[in-house]
Amino acid sequence: MPSEERRRVSDLDTLKAIGHPLRLKLYRALHIKRTATASQLADQVDEAVSLVSYHLRKLADHGLIEPAARQGADGRERWWQPSSRGLTFSDEDFDDAPDRAAVYAAAGRMSFDQHVELYRAHQDSRHTWDTEWRGASWSAENLLRLTAGELAALGREMGALIDRYEEAGRAREEAGDTEGRESVALHTYGFPFRP
């Protein structure tokens with residue numbers, strides 16, 4: 001059974017496992033679907049089932065995903081689910097050596113590139129969504145003057161707000177309220193910069 005907590009990835013081997021582009025895509029797809037087979041995920045990421053199966057096993061080796069209860073009539077298919085509510089990463093876990101910091105930075109850039117790819121795909125297909133979804137979609141850039149403590153507090157408050165919406169949406173969906181429900185990407189970043 002998946003943990004209701006987010007898992008903090010703090011070891012280099014696990015970071016390398018999730019830092020593979022296809023594995024991160026598979027993890028995200030599985031997180032949205034909650035449970036899926038390699039065949040279902042292969043269709044979603046447009047890769048061969050054997051390749052997807054291999055990468056799912058690698059994610060499982062690091063405890064990022066786990067076997068799920070069997071579903072459907074075909075008992076031969078292996079079902080997977082995320083092993084936690086999500087993942088968190090912290091710079092402080094990888095800043096003790098240059099090689100660890102480099103892997104952390106590379107994984108962060110790769111993840112960001114996938115965020116950009118997803119947003120570009122949305123922009124390219126915006127016209128296919130109805131008016132209600134186009135009106136509900138938003139993007140914003142906020143440039144603030146904060147202390148490190150204020151930024152950390154803002155991140156915690158935003159995380160708590162997102163958690164409330166995620167929990168409420170999951171509960172409604174599990175109760176059968178699926179009408180009009182779609183997967184939604186929400187990417188937030190908070191970082192210092194010098195103009």
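This is a predicted model: local features need pLDDT of at least 70, side-chain atom pairs count only at pLDDT 80 or more; totals for chains, interfaces and linings use all residues.
I started with glutamate 173, which pairs with arginine 34 in a salt bridge, closest N and O atoms 3.0 Å apart (a side-chain nitrogen of Lys or Arg within 4 Å of a carboxyl oxygen of Asp or Glu). Glutamate 173 lies in helix α7 and arginine 34 in the loop between α2 (21–33) and β2 (36–37), so this pair ties together parts 139 residues apart in sequence. I take helices (H or I, at least four residues) and strands (E, at least two) as DSSP runs, numbered from the N terminus.

Residues are numbered from 1 along each chain as its sequence is written, and side-chain values use heavy atoms, with hydrogens and water left out.

Next I looked up glutamate 167, whose side chain meets that of arginine 85 in a salt bridge (2.9 Å, N to O). Glutamate 167 is in helix α7 and arginine 85 in the loop between β4 and β5 (86–89), 82 residues apart. Is arginine 85 buried or exposed? At 14% relative accessibility, arginine 85 counts as buried, while glutamate 167, at 43%, is partly exposed (buried is under 20% relative accessible area, exposed over 50%, partly exposed in between; 1.4 Å probe, protein chains only). Shared partners join Arg6, Arg85, Asp163, Glu166, Glu167 and Arg170 into one salt-bridge network.

My search of the whole structure gave twelve salt bridges. One of them joins glutamate 166 to arginine 6, with closest N and O atoms 3.7 Å apart.
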